[in-house]
Amino acid sequence: VDLTLLLDNGVDLHSFQPSADDMIIISDCDLLIYTGGESDAWVEEALANADPNLAAMNLLDLMGEDVKEEEVVEGMQQDEHSHDEEEEHEHPDEHIWLSLVNAARLCNEIAETLGTIDPEHGQEYAENAARYIEELKGLDEEYQAVLGSAQRDTLLFADRFPFRYLMDDYNLKYYAAFSGCSAETEASFETVAFLAGKVDELGLPCVLTID
């Protein structure tokens with residue numbers, strides 16, 4: 001497999017727009033894998049201009065009814081843009097890959113699709129996927145072992161929060177400054193004060209941020 005990742009290191013997924021060179025890469029590929037959702041709205045145009053035989057995998061679609069809605073928890077600051085009441089709607093949480101359970105499921109789907117496109121190596125794709133899924137299961141067991149003896153079940157993020165799927169997998173609670181796809185970068189005084197109060201109230205030993 002000749003694999004290309006369109007996003008460079010440090011590029012924000014939520015604001016990515018493909019360059020002309022990226023569009024050429026897409027038009028020439030055999031399989032395009034993308035998360036889906038609002039952050040990947042550009043993909044629809046890219047596919048419209050690509051070879052109709054190009055295979056494409058929308059990972060959110062593959063998750064079906066298991067896609068969670070982005071949620072706003074107590075103290076979380078919402079984006080400072082207004083909507084008419086009719087325009088208010090829920091947003092799917094796009095960060096599906098941050099769950100080990102979801103990652104295993106999606107790896108299996110990708111292997112099956114690769115096997116369909118390239119049946120000559122289908123067995124290899126299946127075997128490689130099975131080995132990696134075993135690694136994911138091992139990591140999941142490590143998480144469960146640590147949490148089984150943990151003194152706390154709450155995490156606090158002074159940042160965006162993309163980990164809802166991971167938190168739900170292990171029944172963890174959380175507080176955060178912003179939702180996972182928030183465009184906000186500066187927390188209000190009220191948000192900072194609320195989170196600081198929670199750190200004290202819960203006796204949390206650390207505050208998490210995202211690089």
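**A walk through a predicted model**

Let's start with burial: 33% of the 211 residues in the protein are buried. Buried here is under 20% relative accessible area, exposed is over 50%, and partly exposed lies in between, with a 1.4 Å probe and protein chains only. This is a predicted model, where local features need pLDDT of at least 70, side-chain atom pairs count only at pLDDT 80 or more, and totals for chains, interfaces and linings use all residues. Residues are numbered from 1 along each chain as its sequence is written, and side-chain values use heavy atoms, with hydrogens and water left out.

Now the overall layout. There are seven helices and four strands. These are DSSP runs, numbered from the N terminus: helices are H or I with at least four residues, strands are E with at least two. Along the sequence, the pattern reads α-β-α-β-α-α-α-β-α-β-α. The C-alpha atoms fill a box of roughly 60 × 45 × 30 Å, taken along the principal axes. On contacts, meaning heavy atoms within 4.5 Å: among those between residues at least 6 apart in sequence, 64% join residues at least 24 apart.

Next, the strands. β3, residues 154–157, runs parallel to β4, residues 173–176, and four bridges join them. Two strands pair when DSSP finds at least two bridges between them. Thr154 has Lys173 in β4 as its bridge partner. With helix α6, residues 164–169, β3 and β4 form a right-handed β-α-β unit. Right-handed means that, with the strands pointing away from the viewer, the path from the first strand over the helix to the second runs clockwise.

Look at the loop between α6 and β4, and you find Asn171 there. Asn171 has a positive phi of about 55°, although it is not a glycine. Is Asn171 buried or exposed? At 65% relative accessibility, Asn171 counts as exposed.

On to the core. A nonpolar core is a set of buried Ala, Val, Leu, Ile, Met, Phe, Trp, Tyr and Cys residues joined through side-chain atoms within 4.5 Å. The largest one has 15 residues, and among those touching the most other members are Met76, Phe161 and Ala176. Helices α4 (100–117), α5 (122–148) and α6, along with β4, each supply at least two of its residues. Which element gives the most to this core? That is α4, with three residues. Leaving out residues up to four places away in sequence, Ala176 touches Gly75, Met76, Phe157, Asp159, Phe161 and Leu195. A second, separate core of ten residues includes Phe16, Ile26, Val43 and Ala46.

Two helices go together here. The buried residues of α5, including Tyr125 and Leu136, pack against α4. In turn, the buried residues of α4 pack against α3 (59–63), α5 and α6.

Last stop: helix α7, residues 189–202. At 1.5 Å a residue, its 14 residues should span 20 Å, and its end C-alpha atoms are 20 Å apart, so the two agree. The expected span is 1.5 Å times one less than the number of residues. Its buried residues are Thr191, Leu195, Lys198 and Val199. Why do they sit on the same side of α7? Because they cover an arc of only 105° around the axis, taken from the directions from the helix axis to the C-beta atoms. These buried residues pack against β3 and β4. The face turned away from the buried side carries the exposed Phe189, Glu190, Asp200 and Glu201. Just after α7, Gly203 takes a positive phi of about 60°.
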